[in-house]
Amino acid sequence: MEKLMARAAACNDSSSQPKRPVLSVPVAPAMRDLIDTALNTVMEQAAAEAGLSRGTLGRCADYALVGARVLSVLLDHPYEAVSGGEIIDCGGGLYVVLQPGREARRRARRLSELRDYHCWIEAWYPLPDGGRRRETIDFTMRHDRLVAEVFSLPYTRAQPPSYLWEWQDQIAPVPQEARAHLSANGRNGAWMWADKDCQRLLKKYDADHQALLDRLAGQVLHALMQVLLLERPDTTRSA
């Protein structure tokens, strides 16, 4: 895996980060867009400065780990990066399945040794009846078209979203015609599923690159706060 670099940012000092939740659940769509834009901008800048040959394509681990840090700060709630497999809807009844082979998952010592995995973000919120509701966030849906191209498949979905941010119970299940790709693994029609070996490798990647990921998260928070300050009306002026 090519190394990602980050510029130094003034907000790396933890004293500049919010101490209390600044957002509440559910996060408003407009705010989701701002967070997505800030995260993607920082990730693209870091990839460009690092000279990554494919840009941010294949950097789902960085998006998930940095995004989870940002959301944990903004919402004062634990958001976690998750790693495993994924099925991508390319449109026209065509699908891409990303899932590393069993032996590859078990032999890999580093995430960079693994191919065809996916990473996203999850959070659990309590319900009044004692149950829990899962929130699922994936900031890399913007790459689905490029992934399809890598697999030499046409991507025909019209205006796909750049990210997914939804309660898990509100996400439509995988269509029946695509279930064959998942039935052997008992995935019950889920678009994304966690894998313990992928999780192990993701946690090691997180630990090995903690300082870098923290700096990137600081840059995202700084960029987001700059946008919010610019949009805040000036209440000090008299009429």
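**Entry 1: terms.** Helices (H or I, at least four residues) and strands (E, at least two) are DSSP runs, numbered from the N terminus. I also kept in mind that this is a predicted model.

**Entry 2: second largest pocket.** I looked up which element gives the most to its lining. It is β1, with 4 residues. I then noted the volume of this second largest pocket, about 250 Å³. Its lining holds 14 residues. Nearest its centre I found Ile87, Met141, Arg157, Leu164 and Trp191. I sorted the lining by class and got 9 nonpolar and 5 charged residues, with no polar ones.

**Entry 3: largest pocket.** I put its volume at about 600 Å³. There are 27 lining residues, and the closest to the centre are Arg54, Leu57, Gly58, Asp116 and Tyr117. Which element supplies the largest share of this lining? I found α4, with 4 residues. Both β1 (80-91) and α4 (144-150) supply at least two residues each. By class, I listed 13 nonpolar, 6 polar and 8 charged residues in the lining of the largest pocket.

**Entry 4: α1 against α2.** I reminded myself that two packed helices are described by the angle between their axes and the distance between the axes. Helix α1 covers residues 29-49 and helix α2 covers residues 60-75. Their axes come within 11 Å and cross at roughly 135 degrees. That angle makes α1 oblique to α2. I recorded the crossing of α1 past α2 as right-handed. Which residues meet there? From α1 I listed Ile35, Leu39, Asn40 and Met43. Facing them in α2 are Asp62, Tyr63, Val66, Gly67, Leu71 and Leu74. The contact of α1 with α2 counts 7 nonpolar, 2 polar and 1 charged residues.

**Entry 5: α2 against α6.** Next I followed α2 to helix α6 (residues 196-208). The two pack at an angle of about 65 degrees, and their axes are 11 Å apart. I therefore wrote down α2 as roughly perpendicular to α6. α2 passes α6 in a right-handed crossing. On the α2 side, the contact uses Ala61, Asp62, Leu65 and Arg69. On the α6 side I found Leu202, Tyr205 and Asp206. I counted 4 nonpolar and 3 charged residues in the contact of α2 with α6, and no polar ones.

**Entry 6: backbone.** Most residues other than glycine have a negative phi, and most peptide bonds are trans. I looked for departures from that. Is the peptide bond from valine 25 to proline 26 cis or trans? I noted it as cis, with omega near 0 degrees. Proline 26 sits in the segment before α1. Then I checked aspartate 116. Its phi is near 60 degrees, a positive value in a residue other than glycine. I placed aspartate 116 in the loop between α3 (102-107) and β3 (118-126). Asp116 was already in my notes, as one of the residues closest to the centre of the largest pocket.

Notes: Residues are numbered from 1 along each chain as its sequence is written. This is a predicted model: local features need pLDDT of at least 70, side-chain atom pairs count only at pLDDT 80 or more; totals for chains, interfaces and linings use all residues. Side-chain values use heavy atoms; hydrogens and water are left out. On a 1 Å grid over the protein atoms alone, a cavity is a set of points where a 1.4 Å probe fits but cannot get out, and a pocket is an open set with protein on both sides within 12 Å along at least five of seven lines; lining residues have an atom within 4 Å of a point. Grid points are joined across faces, edges and corners, and a volume is the space filled by probe spheres set on the points. Ala, Val, Leu, Ile, Met, Phe, Trp, Tyr, Cys and Pro count as nonpolar, Asp, Glu, Lys and Arg as charged, and the others, Gly among them, as polar. Axes are lines fitted to C-alpha atoms, for helices over the stretch in contact, and angles run from 0 to 180 degrees between N-to-C directions. Angles under 35 degrees count as roughly parallel, over 145 as roughly antiparallel, 65 to 115 as roughly perpendicular and the rest as oblique. A crossing is left-handed if the near helix is turned anticlockwise from the far one by less than a right angle, and right-handed if clockwise. Contact means heavy atoms within 4.5 Å.
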